[in-house]
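This briefing goes through one structure by topic, beginning with a loop residue and ending with a cluster of rings. Please keep the sequence and the 3D view open while reading.

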Amino acid sequence: MILVTGSTGNVGSEVVKQLAAGGHKVRALVVDTAEGSKFPTTVDTVAGNLDNIDSLVNAMKGVDHVYLLAPLTPALQKHEANAIEAAKRAKVKHVVKHSVLGANYEAVALGKWHRAGEKALEASGVGWTHLRPSAFHANSLWWAQTIKTQGAVYQPTGDGKIASIDPRDIAGCAVEVLTKPGHEGKSYELTGPAALSASDQCDIIGRVLGKPVKFVNVPDQAARDSMLAMGMPAQIVDLMIEFMGLVRSGQAAAVTDTVQKLTGKPSRSFEAWVKDNTAAFK
């Protein structure tokens, strides 16, 4: 049995879907079991909370493998520590941690937070694998409203590039390492096929939509004020501003072929993702 945390998000829902499609026994951790209605009928759902270790131990009964995906909140490190402790108590054999590209360098807070979880897992005595994906193609959905209303995207990343990745490709790699031997003790850096700037992405979105979409590079403070106005916690806003500064500096443009090596299929392009999700921007 494989347990997936973060099972209702962009990546977690795809992990559940692809595991079920492959005929694997999969259990989705949800806050409310009513959320289980969105999964295939073969998927087992269990209510649990990353704040409650006992609920996680219960969710992991009979589980051999866990895909550990905790939401990006100020409690990330606590939530991952709770899940790792629960895995130890439940005698789980293997935990695949959803991390972030560059976590091993600990260059920014986002990397440091995830590397802390990686280190905790490595020290736990439980078999481990780290998946370190780049930013998601789906993150461009944050731009949907201003694209619809202003034909523009506002972001403080300048000409910096990043090789964002399709959540479906992350899930494909997750299925591979969860269901086949030989991946324990390994870390995998996952990216899309090309490093693109936000301006490049706007050009692609505009081409698919058939209308111009312009990129406006804005000061960090303007981006910070906007995210705070959206209700994002200040600690997460600071983390995101720092990360976007890393992108702007040109230090986040790595491209890997790990998706191809793990799954046998090339990673999907940003343009292909936009074509599959065009309605979100109209």
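K38 is found in the loop between strand 2 and strand 3, in a model that is predicted. Its relative accessibility is 52%, and K38 therefore counts as exposed, the cut-off being over 50%. Between K38 and A222 there are 37 Å from C-alpha to C-alpha, at a separation of 184 residues in sequence.

- H183 belongs to the loop between helix 6 (167-179) and strand 9, and its relative accessibility of 9% is why H183 counts as buried, for which the limit is under 20%.
- Leaving aside residues up to four places away in sequence, H183 touches W128, T129, E176, V177, Y188 and L262.

- Seven strands make up an open sheet with parallel pairing, and their order is 3-2-1-4-5-6-9.
- Strand 3 (44-47) and strand 9 (186-190) are the edge strands, each of which pairs on one side only, and from one strand to the next the twist averages 20°.
- Strand 1 (residues 2-4) and strand 2 (residues 26-30) run parallel and are joined by three bridges; within this pairing, V4 has A28 in strand 2 as its bridge partner.
- Strand 5 and strand 6 also run parallel, joined by five bridges, and here H98 has L131 in strand 6 as its bridge partner.

- Strand 6 is mostly covered, since seven of its seven residues are buried.
- In a regular strand, side chains alternate between the two faces of the sheet.
- In strand 6, G127, T129, L131 and P133 point one way while W128, H130 and R132 point the other way, and all of them are buried.
- Helix 4 lies across strand 5 (94-98) and strand 6 (127-133), and the angle at which helix 4 runs to strand 6 is about 165°.

**The nonpolar cores**

- In soluble globular proteins, nonpolar side chains tend to be buried together.
- The largest nonpolar core holds 42 residues, of which L3, M60, V66 and V95 touch the most other members.
- At least two residues of this core are supplied by each of helix 2 (53-59), strand 4 (65-68), helix 3 (76-89), helix 4 (109-122), helix 8 (220-229) and helix 9 (234-248), and the largest share, nine residues, comes from helix 9.
- Not counting residues up to four places away in sequence, V66 is in contact with L3, T5, M60, V92, H94, V95, V96 and L178.
- There is also a second, separate core of 28 residues, and V15, V26, L131 and L262 are included in it.

**Helix 9**

- After helix 9 comes G250, which has a positive phi, near 90°.

**The aromatic cluster**

- The count of aromatic pairs comes to two.
- One of them is the stacked pair of F270 and W273, whose ring centres are 6.4 Å apart and whose planes make an angle of 15°.
- F270 and W273 both lie in helix 11 (residues 270-276), three residues apart, which is about one turn of the helix.
- An α-helix has 3.6 residues a turn, so residues three or four places apart point the same way.
- W273 also forms an edge-to-face pair with F281, at 6.3 Å centre to centre and with 75° between the planes.
- W273 has a relative accessible area of 5% and is therefore buried, and F281 is likewise buried because its relative accessible area is 1%; F270 is buried as well.
- Through these ring pairs, F270, W273 and F281 are linked into a cluster.

Notes: Residues numbered from 1 in each chain as written. Predicted model: local features only at pLDDT ≥ 70, side-chain atom pairs only at ≥ 80, totals over all residues. Heavy atoms only, no water. Core = buried A, V, L, I, M, F, W, Y, C linked by side-chain atoms within 4.5 Å. Buried < 20%, exposed > 50% of the residue type's maximum accessible area, 1.4 Å probe, protein only. Helix = DSSP H or I, 4+ residues; strand = E, 2+ residues; numbered from the N terminus. Contact = heavy atoms within 4.5 Å. Pairing = 2+ DSSP bridges. Axes fitted to C-alpha atoms, helices over the stretch in contact; angles between N-to-C directions. Phe/Tyr/Trp six-rings, centres within 6.5 Å; stacked < 30°, edge-to-face > 60°.
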